[in-house]
Amino acid sequence: MSAIRIHPPATALTISIKHLTRTPNCRNFNRIESTKTLTTIAMSSNPVEVCAKSSLTVPNRLGDCPFTQRVLLTLEEKQLPYDLKLVDLGNKPDWFLSVSPEGKVPVVKLDDKWIADSDVITKTVEEKFPDPSLVTPPEKASVGSKIFSTYIGFLKSKDANDGTEQALLTELSAFNDHIKENGQFINGKYISAADLSLGPKLYHMEIALGHYKNWSVPDSLPYLKTYMKTVFSLDSFVKTMPLTEDVIEGWRPKVMG
């Protein structure tokens, strides 16, 4: 097991708003020119323990699980400290199987209780640490939800005429139209849980389809392309993103079948 401490913010962290204006994931401060300060009180003094897949290509690096990245993005956006416990999923240790009997990641320890499944984890984190809110309105929560499954179908396909590429393009086109009509993120101006779920999946899609099928998002979907660029450049995303090589290796069994 490898453990990496993500240092918690100080009990009272003071950040200059003039710096926040340069950061794309800073909600509510995009147009503020003031030099006043924002004081953020850390909501937890004990780091959240997160079991995560270790890199397949580089020792002591975070691996390529998009569901784990979703959890880490949530913790990062809420400025919650966490400890990463990197697990070799090809040789799962007994201590890991004792907290995750199915041998899956992510698994998170909150209030001395281990919680599995990124849906459950992120919902629990939102309930326990509601500020800043990442809640996506119910009417927008399913936007882009079919992209990942159609991407996998196309990635695994061996038949260029089986309709899997068109199915993916249909979902991507619908998402492109949503962003065109609603704004920068799924919920408009500010990032929400839906973006933190979809972003890692789009990142995997871009890398894996580019490598295995020489495919890329068409220029006819400019709002989607801008959305991907915006999400991938978030500080929280850059900090938690996997290596390109790990994404390629992680999907190899699906492609080679």
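## A tour by selection

Begin by selecting Glu181, which is found in helix 6, the run of residues 164-182, and keep in mind throughout that this is a predicted model. Glu181 is exposed, because its relative accessible area of 67% lies over the 50% cut-off for that class.

Next, select helix 7 together with helix 8 (residues 222-232), which pack at an angle of about 105° with their axes 10 Å apart. Helix 7 is therefore roughly perpendicular to helix 8. To display the contact, show Asp195, Leu198, Gly199, Leu202, Tyr203, Met205 and Glu206 on helix 7, and Leu224, Tyr227, Met228, Val231 and Phe232 on helix 8. Sorted by class, this contact has nine nonpolar residues, one polar residue and two charged residues.

Now move to helix 10 (residues 244-256), whose 13 residues reach 18 Å from the first C-alpha to the last, close to the 18 Å expected at 1.5 Å a residue. Centre the view on Gly250, where helix 10 has a kink of about 30°, shortly before the proline Pro253. Which residues of helix 10 are buried? They are Asp246, Val247, Ile248, Trp251 and Val255, and what covers the buried residues of helix 10 includes helix 5 (147-156) and helix 7 (193-213). Finish the tour at Gly257, which follows helix 10 and has a positive phi, near 60°.

Technical notes:
Residues are numbered from 1 along each chain as its sequence is written. This is a predicted model: local features need pLDDT of at least 70, side-chain atom pairs count only at pLDDT 80 or more; totals for chains, interfaces and linings use all residues. Side-chain values use heavy atoms; hydrogens and water are left out. Helices (H or I, at least four residues) and strands (E, at least two) are DSSP runs, numbered from the N terminus. Buried means under 20% relative accessible area, exposed over 50%, partly exposed in between (1.4 Å probe, protein chains only). The expected span of a helix is 1.5 Å times one less than its number of residues. The bend at a residue is the angle between axes fitted to the seven residues ending there and the seven starting there. Contact means heavy atoms within 4.5 Å. Axes are lines fitted to C-alpha atoms, for helices over the stretch in contact, and angles run from 0 to 180 degrees between N-to-C directions. Angles under 35 degrees count as roughly parallel, over 145 as roughly antiparallel, 65 to 115 as roughly perpendicular and the rest as oblique. Ala, Val, Leu, Ile, Met, Phe, Trp, Tyr, Cys and Pro count as nonpolar, Asp, Glu, Lys and Arg as charged, and the others, Gly among them, as polar.
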